[in-house]
Amino acid sequence: MMITIITICMIVKLALTYAENLKGSGADTHDPKSEDMRHHSLDYYRLDSTTSSSQAHQGKCLNLAQVKADLSTPTLRPRGNEELWIDEPGAVDLITQADIPQWLKDGAITFIQDGYIVIKGGLDKATCNKAVQAYKKWCLNRGAGCEALKDEHGHHKRIVNMHTEVSEIRNLILKNTKSLQMQDFLFGEKTSLYTSLYFTRGTEQRIHVDIPYSWTKPQNRYFGVWTALEPVDEENGPLRVLHQGHKCNLLKERHNIPEIVKKKSSGGIGGTDDEAFYAYARATIANCATQNISRFVDVLLNTGDTIIWHPLLPHGGAPIKDATRTRYSLVAHTVPEMVPVYHTDVFFDPNIVSRSSAPWNYKILKDDEDLPGFRLMADFHVVIGDSY
Ligand SMILES: O=C(O)CCC(=O)C(=O)O
């Protein structure tokens, strides 16, 4: 026992020394970010998941220890099951019998049954307000380029990966402890940040399923995690979900969907193929209707509430009734650490040979005060988008 503890400590120390060395070596040379991180007492390290498997291995050892030591998140993933374990037939029984907090138990069972779970008040109003103010400041600092992309009501459609530059936006994910614990539990692994979209207004995005753009192997190791930064009601275009729509997916039949077959035979399907993406959504919704799964729910939320959805759940943006209203919100896309994400080309082609580890660099986010342990964040650039 003593030897195990000493070994774990040595591994932890080694990994921290390694991270310190990287920090010292100037691996992170992006000054504005470094400023930002110092200000918020976060350590900001680079972990290159592609150069060395031993680095990844070190990370994994440390992570397992951290999950146990800091998060106290129970992990129930049955051994050897690499797909999303809660999709397995025995998952509800396993959870029912588990010795875990009641909120986690109830939430996980609701997630399995409905395809989503709302975590009420995961964040306080001050944290949400700070994020909105930080967005405004960030945009002002970027100058005319940022302002020019606003619509006639002064709203941005979406900003991709702002969390990588703005700590207050990142905090919406990192300080949302219950949401992170729920995700760790549902994954049965430690959650990492993949990408995010920041919205200042409703999206009215057509109903879709994320999975063709967010495909993992083994499947379904991805969540959408959406947080309201102000009240979301019928007027400002809430998120809309197909209740239980994750149960009528067409994963197995996707290669035989007529529109997909046609598209493949006339030019093929690319990596970011919206036509194929929405064709899959339409076919899924039609399939759900044949199983009497057709109840769309508009998710009305208060400031700081978070909804986590299953990767197979059809969802989108409800109509905006008052276009002058803002709808400040952030959706984070999360996967277990080191898990690569594939897109429409791989999703619709079973023959594509794809890499087995995440091709991006990670940064390690650590907060000395109230962030339990650390989280890995994929290192991506910010894009101010004008489409959905
Ligand atoms: O926020 C919305 O209105 C829709 C967001 C959405 O569908 C998504 O991020 O996948």
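The model is predicted: local features need pLDDT of at least 70, side-chain atom pairs count only at pLDDT 80 or more, and totals for chains, interfaces and linings use all residues. Residue numbers start from 1 along each chain, following the sequence as written.

**Overall fold**

- The protein chain has 12 helices and 13 strands; these are DSSP runs numbered from the N terminus, with helices being H or I of at least four residues and strands being E of at least two.
- Of the 388 residues in the protein chain, 42% are buried (20 or more other C-beta atoms within 10 Å of the residue's own, with C-beta atoms placed from the backbone).
- Among the chain's contacts with a separation of 6 or more, 82% are between residues 24 or more positions apart; a contact here means C-beta atoms, placed from the backbone, within 7 Å.

**Helix 6 with helix 8**

- The axes of helix 6 (residues 125-142) and helix 8 (residues 167-174) come within 8 Å and cross at roughly 150 degrees; axes are lines fitted to C-alpha atoms, for helices over the stretch in contact, and angles run from 0 to 180 degrees between N-to-C directions.
- Helix 6 brings T127, K130, A131, A134 and Y135 to the contact, while helix 8 brings E168, I169, N171 and L172.
- This contact of helix 6 with helix 8 has five nonpolar, two polar and two charged residues; Ala, Val, Leu, Ile, Met, Phe, Trp, Tyr, Cys and Pro count as nonpolar, Asp, Glu, Lys and Arg as charged, and the others, Gly among them, as polar.

**Helix 10 with helix 11**

- Helix 10 (residues 258-265) and helix 11 (residues 274-290) have axes that come within 9 Å and cross at roughly 160 degrees.
- That angle makes helix 10 roughly antiparallel to helix 11.
- Helix 10 passes helix 11 in a left-handed crossing.
- E259, I260 and K263 of helix 10 meet E275, A276, A279 and Y280 of helix 11, giving four nonpolar, no polar and three charged residues.

**Ligand shell**

- Around the ligand are L197, F199, G202, T203, Q205, D210, G224, L239, H315, G316, G317 and V331, each with its C-beta atom, placed from the backbone, within 6 Å of the ligand.
- Strand 4 (191-199) and strand 9 (315-317) are the elements that give two or more residues to this shell.
- Strand 9 supplies the largest share, three residues.
- By class, the shell around the ligand has four nonpolar, seven polar and one charged residues.

Methods: Parallel < 35°, antiparallel > 145°, perpendicular 65-115°, else oblique. Left-handed = near helix turned anticlockwise from the far one by under 90°. Contact = placed C-beta atoms within 7 Å. Buried ≥ 20, exposed ≤ 12 C-beta atoms within 10 Å, placed from the backbone.
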